[in-house]
Amino acid sequence: MRDANLTVRNYIIYIIFVFFSFSLMVLDFFSNQEISTTISKRINFLVPSDINFNEYFEFFNSDLFQTRNNLINENVRLKNEILELRELRVENDLLKEELESNQNLIESVDVFNYFYIKTSPFMRNQENHYLVSGGYDKNFVKNDIVINEEGFVIGFVDKIFQNHSEVIFIYDSEFSMPAIDKFGNEYLVENNGQELLVYTTSVNELTSNIDFIFTDSKFGQPSRFPILSLNEINVTVDENKISTSLEIEDVNFSFTDIYVVKANDLP
Amino acid sequence: MIYLRNILNILFFVLLLFSELLINTIFVFEYILFLPFYIGLFYISTRRFSNFYISIFLVAGIYYDSLFSSNILGFTSAKFLITCVILNFLTNNQIKNTFQDLAAFVAGVFLYSFTYSFDFLQPQFLYLLLVSSLVNYFLFRILNITIEKNVLKQKI
């Protein structure tokens with residue numbers, strides 16, 4: 001009986017503290033997350049954001065974990081690779097042509113108006129979002145775009161902490177970004193958790209020959225950074241809408257070189 | 001002494017939470033998440049439930065919300081405390097058996113991993129949680145046997 005009373009009393013105290021947490025949530029929400037920002041600034045030394053994420057993989061890929069079996073398998077793999085390389089030579093010629101087209105587009109971005117802050121992911125949180133180095137200390141702002149080494153937009157900065165930031169990458173279900181094509185059609189690129197949906201929000205010219213869709217200053221973003229290439233994707237053109245969808249698995253990028261784009265305010 | 005014990009416990013659980021994030025960053029498996037902090041939470045809720053641990057989960061939640069997530073401050077603390085109470089409620093005054101323990105563990109993992117995003121409703125994510133809870137329950141049992149075995153009382 002006494003134990004039962006004690007348990008009920010414990011429950012009541014736990015529930016009181018749950019309500020206390022809810023009141024913290026309300027306060028933080030109505031203060032525009034000022035409370036959490038202040039706490040985060042005070043205790044940011046607890047986050048080792050300068051650790052290079054890639055170093056982990058180098059450690060796990062090191063010779064220490066290589067087995068004899070792996071080496072034998074590698075021999076077989078290399079033989080197969082020679083066969084594949086022959087096929088790749090043909091594909092290479094096609095890609096060269098595409099690369100030339102890409103290069104033209106990248107050159108069209110006015111590189112002198114922007115500077116690029118190199119960043120690297122160092123941790124993944126419980127919501128499956130990556131935290132990258134650099135935050136208020138590097139003047140990151142919410143919705144700053146994140147690009148890879150090829151100049152393609154791969155995400156945007158969501159929440160900023162003192163020395164790190166949370167980034168929504170293109171394969172996260174919360175990803176949503178406006179875009180434009182060379183004909184002036186406006187799009188929304190949206191991830192629904194299974195597919196990457198691309199559809200027009202404003203049509204200027206109905207065509208399936210879209211090539212690239214990119215960012216624009218019209219949406220408060222740095223101009224002309226490509227988001228997706230729709231060259232080899234089946235684009236649907238309806239009466240007043242252009243749309244397509246991509247599998248998330250098809251959108252691959254490496255974490256080795258990623259940059260946050262900032263506008264150059266200096267004259 | 002009580003304060004010192006409380007601070008040490010807070011530090012231990014904060015480290016456990018940090019290690020959980022670190023482990024799941026380094027080892028990216030499609031269907032498995034390692035949840036050392038949850039194992040600790042489950043152990044406390046089902047074996048050592050008391051008011052003493054409120055501050056620990058509250059601070060761990062605030063630590064997570066303010067440094068690692070875009071959640072509103074207090075969301076994770078509330079989630080930890082609710083998980084703790086529900087786990088204790090599910091296991092308290094019940095006949096102890098492995099199946100009932102496992103069912104509570106699985107239910108707890110679903111509560112613990114709750115996020116207000118569409119991801120939570122994806123079948124793939126729910127499958128990931130189910131597989132992860134089985135793996136983590138196995139780890140919990142191993143740990144539980146080790147903790148409960150008092151080597152000093154064993155006869156040689």
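# A tour of chains A and B

Between chain B and chain A there are 18 residue pairs in polar contact, counting pairs with both residues at pLDDT 80 or more. Keep in mind that this is a predicted model.

**Stop 1: where the chains meet**

Show both chains. The contact takes 45 residues from chain A and 46 residues from chain B. About 4100 Å² of area is buried between the two chains, and carbon and sulfur atoms give 65% of it. Now select T25(B), L67(B) and L73(B). In chain B, these three lose the most area to chain A, together 16% of what that side buries.

How many salt bridges are there between chain B and chain A? The count is zero.

**Stop 2: the chain B side**

Select helix 1 (2–26), helix 3 (54–67) and helix 4 (75–91) of chain B. These are the elements that give two or more residues to the side of chain B that touches chain A. Which of them gives the largest share? Helix 4 of chain B does, with ten residues. Next, color that side by residue type. Its residues divide into 27 nonpolar, 15 polar and four charged.

**Stop 3: a network in chain B**

Over all chains, the structure holds six salt bridges. Select D101(B). Is D101(B) buried or exposed? D101(B) counts as buried, because its relative accessibility is 5%, under the 20% cut-off.

The side chains of D101(B) and R47(B) meet in a salt bridge, 3.3 Å from N to O. This pair links helix 5 (residues 98–112) with helix 2 (residues 36–47) of chain B, and the two residues are 54 apart. R47(B) counts as partly exposed, at 26% relative accessibility.

R141(B) lies in helix 6 (residues 123–148) of chain B and D101(B) in helix 5, so the pair ties together parts that are 40 residues apart in sequence. R141(B) is partly exposed, at 29% relative accessibility. With all three selected, you see a network of salt bridges linking R47(B), D101(B) and R141(B).

**Stop 4: a salt bridge in chain A**

Move to E186(A) and K218(A). They form a salt bridge, with the closest N and O atoms 2.9 Å apart. E186(A) lies in strand 8 (residues 186–191) of chain A, and K218(A) in the loop between strand 10 (212–214) and strand 11 (226–229). E186(A) is buried at 17% relative accessibility, whereas K218(A) is exposed at 51%.

**Last stop: a loop in chain A**

Select N163(A), in the loop between strand 5 (153–160) and strand 6 (164–169) of chain A. N163(A) counts as buried, at 14% relative accessibility. Then show H164(A). A polar contact of 3.0 Å joins the side chains of N163(A) and H164(A).

Terms used: Residues are numbered from 1 along each chain as its sequence is written. Chains are lettered from A and ligands numbered from 1 in the order in which they are written. This is a predicted model: local features need pLDDT of at least 70, side-chain atom pairs count only at pLDDT 80 or more; totals for chains, interfaces and linings use all residues. Side-chain values use heavy atoms; hydrogens and water are left out. Helices (H or I, at least four residues) and strands (E, at least two) are DSSP runs, numbered from the N terminus. Buried means under 20% relative accessible area, exposed over 50%, partly exposed in between (1.4 Å probe, protein chains only). A polar contact is a pair of N or O atoms within 3.5 Å; within protein, one must be able to donate a hydrogen and the other to accept it, and residues adjacent in sequence count only if both atoms are side-chain atoms. Contact means heavy atoms within 4.5 Å. Buried area is the accessible area (1.4 Å probe) that two parts lose on being put together, summed over both. A salt bridge is a side-chain nitrogen of Lys or Arg within 4 Å of a carboxyl oxygen of Asp or Glu. Ala, Val, Leu, Ile, Met, Phe, Trp, Tyr, Cys and Pro count as nonpolar, Asp, Glu, Lys and Arg as charged, and the others, Gly among them, as polar.
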